[in-house]
Number of protein chains: 2
Amino acid sequence: MTASVLDMSMSLDGFVAGPNARPDNGLGDGGERLHEWLFAGAGEEGGARAAIRRLPGVNGQVARELMATGAVVAGRGTFEPAGGWGGDHHGGVPIFILARDPAGLGEWPLVTYVDDVAAAMAAAKQAAAGRDVLVHGAGTAQLALAAGVLDEIELHLVPVLLGAGRRLFEDLPPRQVELELTRVLAGEGGITHLHYRVQS
Amino acid sequence: MTASVLDMSMSLDGFVAGPNARPDNGLGDGGERLHEWLFAGAGEEGGARAAIRRLPGVNGQVARELMATGAVVAGRGTFEPAGGWGGDHHGGVPIFILARDPAGLGEWPLVTYVDDVAAAMAAAKQAAAGRDVLVHGAGTAQLALAAGVLDEIELHLVPVLLGAGRRLFEDLPPRQVELELTRVLAGEGGITHLHYRVQS
């Protein structure tokens with residue numbers, strides 16, 4: 001069964017970006033701290049994706065699972081600061097970007113712009129060819145949770161308090177959503193990888 | 001070495017109480033979900049403290065560590081809704097309550113009211129006789145972090161999204177505080193017990 005899996009690195013105080021996040025400062029001030037574990041070797045040969053493929057240990061295992069997903073759903077706020085990942089997030093899988101007005105976002109063969117989160121998720125699941133769908137971004141997470149189209153959550157809990165920035169879980173409908181913890185992995189550098197299934 | 005250890009049960013979205021928390025609704029609406037793991041057997045003989053002593057497994061181990069601390073520091077917002085724990089939080093250890101104006105909070109032999117978080121922590125460490133100091137409450141946590149007098153954090157991460165309520169980490173100084181993860185325990189019921197040392 002194809003699942004939609006939100007994948008985010010989050011500080012212990014709940015932030016996924018530092019303050020002053022903008023298109024030209026996508027992770028916000030100090031936000032790169034949250035992704036250090038993933039891009040540990042990114043300065044070396046072959047760039048970021050090669051570095052992820054080489055990442056050792058538990059962090060490497062988790063990173064490679066993400067790179068084995070069959071489609072990507074993300075918001076404009078994730079896509080744009082990342083330069084659209086050069087049109088290829090990983091392995092040439094289809095990318096669905098939530099955007100009400102995609103003018104100026106560029107045209108890329110793998111990228112489809114969609115204006116509704118449920119439609120984006122349905123299209124991505126179809127396109128993922130039996131693999132999971134990687135979901136990225138706080139805004140997309142909030143919309144997907146509210147619409148009931150998020151199946152699982154994989155959080156990389158980073159041992160830092162940012163004190164300010166963009167929260168992952170904000171402006172959710174004020175109702176209790178039960179989760180089932182399906183895996184806890186203690187990664188290198190004090191990163192805790194938590195995997196949950198959304199129950200209700 | 002005596003350490004001050006913040007101990008809180010927190011939802012995955014960062015709340016330590018549900019919405020509408022008040023002195024007569026201390027955990028807020030639905031907030032009791034966060035403490036289910038600790039009070040699993042509290043309806044049975046001997047009340048809450050006896051139930052905690054009987055709690056099996058990993059959750060029981062963690063709960064008994066908390067009950068082995070040598071002093072308690074908490075805020076009025078924690079103390080008052082709990083009825084001052086009947087004047088004895090656990091094992092007759094000294095209790096230090098942060099309150100600018102303690103009028104109306106009652107007099108209890110084990111309870112001292114203090115108006116400054118650093119003074120409260122210093123007095124509690126002195127009184128703890130070589131054991132750790134248990135720190136409780138979001139407001140106290142925020143003050144202690146800002147004053148640099150919080151040594152460790154033990155979080156019980158509960159597999160639920162509350163969507164609204166009182167956040168543990170809010171109104172912190174907007175600066176990055178590094179933590180050292182010293183233990184991860186997978187408890188019963190999907191509770192993840194995370195222990196951190198505050199670095200800076």
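**The A–B interface and two spots inside the chains**

The side chains of A:Arg33 and B:Glu178 come together in a salt bridge, with 2.6 Å from N to O. This is a predicted model, and the count of salt bridges between chain A and chain B stands at 4. Polar contacts turn up here too: 8 residue pairs across the interface of chain A and chain B, both partners at pLDDT 80 or more.

On the side of chain A that touches chain B, the elements giving two or more residues are strand 7 (152-158), strand 8 (160-161), strand 10 (177-186) and strand 11 (192-198) of chain A. Strand 10 of chain A gives the most, with 6 residues. As for make-up, the residues on this side of chain A split into 21 nonpolar, 5 polar and 6 charged.

Within strand 8 of chain B, the residue opposite A:Glu178 is B:Val160.

Taken as a whole, the interface puts 32 residues of chain A in contact with 32 residues of chain B. The area buried between chain A and chain B comes to about 2,700 Å², and carbon and sulfur atoms give 64% of that. Of the area that chain A buries against chain B, 23% is down to A:Leu12, A:Leu161 and A:Gln176, more than any other three residues supply.

Now to the inside of chain A. Strand 4 (residues 95-98) of chain A has A:Ile95 and A:Ile97 pointing one way and A:Phe96 and A:Leu98 the other, all of them buried. Strand 4 of chain A pairs in the parallel sense with strand 3 (residues 71-75) of chain A over 4 bridges, and A:Leu98 is the bridge partner of A:Gly75. Another 4 bridges tie strand 4 of chain A to strand 5 (residues 111-114) of chain A, again running parallel. There, A:Ile97 has A:Tyr113 as its bridge partner.

Over in chain B, B:Thr140 sits in helix 5 (residues 138-147). Because its relative accessible area is 3%, under the 20% cut-off, B:Thr140 counts as buried. Leaving out neighbours within four places in sequence, B:Thr140 is in contact with B:Val73, B:Ala74, B:Gly75, B:Leu98, B:Val117 and B:Val135. One of these, B:Gly75, has its backbone nitrogen 3.0 Å from a polar atom of the B:Thr140 side chain.

Conventions:
Residues numbered from 1 in each chain as written. Chains lettered and ligands numbered in written order. Predicted model: local features only at pLDDT ≥ 70, side-chain atom pairs only at ≥ 80, totals over all residues. Heavy atoms only, no water. Buried < 20%, exposed > 50% of the residue type's maximum accessible area, 1.4 Å probe, protein only. Polar contact = N/O pair within 3.5 Å; in protein donor to acceptor, adjacent residues only side chain to side chain. Contact = heavy atoms within 4.5 Å. Buried area = accessible area lost by both parts, 1.4 Å probe. Nonpolar A, V, L, I, M, F, W, Y, C, P; charged D, E, K, R; others polar. Pairing = 2+ DSSP bridges.
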